[in-house]
Structures are given as C-alpha cells and as structure tokens.
Amino acid sequence: CIGHQAGDSINTGGSNAAIGINALGTAQDVDYCVAIGEDAARVMNEDDCDGSISIGHNASYNHVANSGSSGAGAVLAIGFQAGYYLGAATQTGNTMIGYKAMAGGKTDAAASNTAGFNTAIGFYSGGGASDGTGGTDVLTAGNGVYIGYKAGSELTTGNSNVLIGKAAGLKLTTGQSNVAIGYEALDAATNEDQNIAIGYQT
C-alpha cells in the first residue's frame with residue numbers, strides 16, 4: 001500500500017494493492033482488490049468485495065457489498081468517480097468504465113442506491129444524473145447495458161435496458177426493457193417500456 005492511510009485498516013485481508021491517499025482506507029477484510037487513486041474504494045469492506053478493481057479518484061468510493069458470499073459483491077470501476085454513490089450492501093456485479101460512469105444516485109443516502117449487474121462504458125453512462133454528479137433520486141436500475149457518451153445517463157429505476165450509442169436513451173428514468181441502438185436513439189423517452197429503436201435519432 002502506497003499513500004497516506006492507504007489500506008491502513010486492513011487486518012485479516014491480504015493480497016491487496018492500494019495506491020493513493022485513502023485508497024482502501026477503511027477496508028478490513030478484503031482480499032485480491034486493486035484500488036488506485038485518491039479515495040478509490042475508500043469504504044469498501046467485507047470479503048464480499050474480494051477481487052474488486054477500482055481505478056480513479058473516488059472510483060467505487062461507497063461500495064460496501066455484504067451479501068454473505070466471498071467475492072459476490074465484486075465490482076470493476078475505472079474512471080474518475082465511476083460508481084461513486086453506489087453504496088448498498090446488495091449492490092454488486094457492476095462494470096463501470098469511463099468518467100463518472102454510473103456516478104449518479106441519491107447523494108445523501110448511498111445505501112439506497114442498489115443498482116446491480118450493469119455494464120456501463122462511456123462518459124456519464126448509466127448515470128442517475130445527466131452530468132453524473134448524483135442528486136435526490138436513487139439509482140436502482142439493474143441488468144442494463146449502457147455504452148456510449150451519456151447513454152442512459154438519467155436512469156434512476158428503469159431495469160433491463162440496452163442503450164448503445166451517444167446519448168442513446170438519454171432521458172430514460174423509470175422506463176424498462178428498452179433497446180436503443182444508434183446516435184440519440186430513443187433519447188426523448190422517459191418512462192416508456194419495451195421499445196426498440198435502431199438507427200440515427202430514432
């Protein structure tokens with residue numbers, strides 16, 4: 001561990017790499033984790049998080065999975081504040097790559113942001129806020145795929161969406177089971193369900 005208070009609280013955990021101020025700062029019982037960047041995985045704890053990778057300032061900062069099974073709560077967060085506000089004990093299985101990818105959610109109650117089993121790749125993708133800074137709405141959307149700049153960036157509770165392309169599904173919040181592929185595909189929909197939109201601005 002390299003950096004002020006990086007991995008300072010680790011006691012029973014082992015084989016971790018923490019680089020940066022407070023990286024894995026309060027972790028105690030985690031194994032095989034990588035945290036690089038100031039406050040990366042800062043409050044991560046419990047062996048449920050074993051094998052998690054957090055790279056970037058505040059990447060998966062609030063992640064505290066505690067589902068009762070070693071490694072079941074592992075996440076991959078790469079990018080500035082990727083997955084920042086996701087902090088529910090049941091939140092797991094997310095792959096978040098990009099500047100503020102899935103960085104939204106309820107800012108004053110990280111434990112309410114239960115989004116899980118998502119793949120978000122791209123700036124502000126799969127967010128919970130259009131600028132990826134969080135807000136007053138929880139982020140519980142699950143089982144989704146968001147690829148592209150601001151793809152699904154305003155999602156809150158909408159599950160099982162596949163949004164691929166710049167601004168695909170941009171305004172979706174509670175809408176579920178939609179497929180949008182293409183530049184700004186389905187970008188005006190908010191709470192609609194079970195739509196298929198393929199092509200430029202469809």
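1. A contact is taken here as heavy atoms within 4.5 Å. By that criterion, and not counting residues up to four places away in sequence, Ala167 touches Tyr149, Lys150, Ala151, Glu184, Ala185 and Asp187. The model is a predicted one, in which local features need pLDDT of at least 70 and side-chain atom pairs count only at pLDDT 80 or more, whereas totals for chains, interfaces and linings use all residues. Residues are numbered from 1 along each chain as its sequence is written, and side-chain values use heavy atoms, with hydrogens and water left out.

2. On the overall fold, the protein chain has 0 helices and 10 strands; helices (H or I, at least four residues) and strands (E, at least two) are DSSP runs, numbered from the N terminus. Read from the N terminus, the order of elements is β-β-β-β-β-β-β-β-β-β. The radius of gyration is 16 Å, close to the 17 Å that the globule rule gives for 202 residues, so the protein chain is as compact as a globular protein of that length. That radius is taken over C-alpha atoms, and the globule rule is 2.2 Å times the number of residues to the power 0.38. The C-alpha trace spans about 55 × 30 × 25 Å along its principal axes.

3. Buried means under 20% relative accessible area, exposed over 50%, and partly exposed in between (1.4 Å probe, protein chains only). Of the contacts in the protein chain with a separation of 6 or more, 23% are accounted for by residues 24 or more positions apart.

4. Accessible areas come from the Shrake-Rupley method with a 1.4 Å probe; for residues, only the protein chains shown count as cover. Ile2, Ile19, Ile36, Ile53, Ile55 and Ile78 make a nonpolar surface patch of about 440 Å². Patches are made of residues with over 30% relative accessible area and no salt bridge, joining like charges within 9 Å and nonpolar side chains (Val, Leu, Ile, Met, Phe, Trp, Tyr) within 5 Å. A salt bridge is a side-chain nitrogen of Lys or Arg within 4 Å of a carboxyl oxygen of Asp or Glu. Ile19 lies in strand E1 (residues 17–19) and is partly exposed, because its relative accessible area is 40%.

5. Asn22 sits in the loop between E1 and strand E2 (34–36). With a relative accessible area of 10%, Asn22 is buried. Its side chain makes a polar contact with the side chain of Asp39 (3.5 Å). A polar contact is a pair of N or O atoms within 3.5 Å; within protein, one must be able to donate a hydrogen and the other to accept it, and residues adjacent in sequence count only if both atoms are side-chain atoms. Leaving aside residues up to four places away in sequence, Asn22 touches His4, Gln5, Ala6, Asp39, Ala40 and Arg42.

6. Most residues other than glycine have a negative phi. Ser15, although not a glycine, has a positive phi of about 60°; Ser15 is placed in the segment before E1 and counts as exposed at 60% relative accessibility. Lys100 has a positive phi near 55° and lies in the loop between strand E5 (95–97) and strand E6 (119–121). At 11% relative accessibility, Lys100 counts as buried.

7. To return to Ala167, this residue is found in the loop between strand E8 (162–164) and strand E9 (179–181). Ala167 is buried, because its relative accessible area is 8%. Ala167 and Val179 are 12 residues apart in sequence and, C-alpha to C-alpha, 13 Å apart in space.
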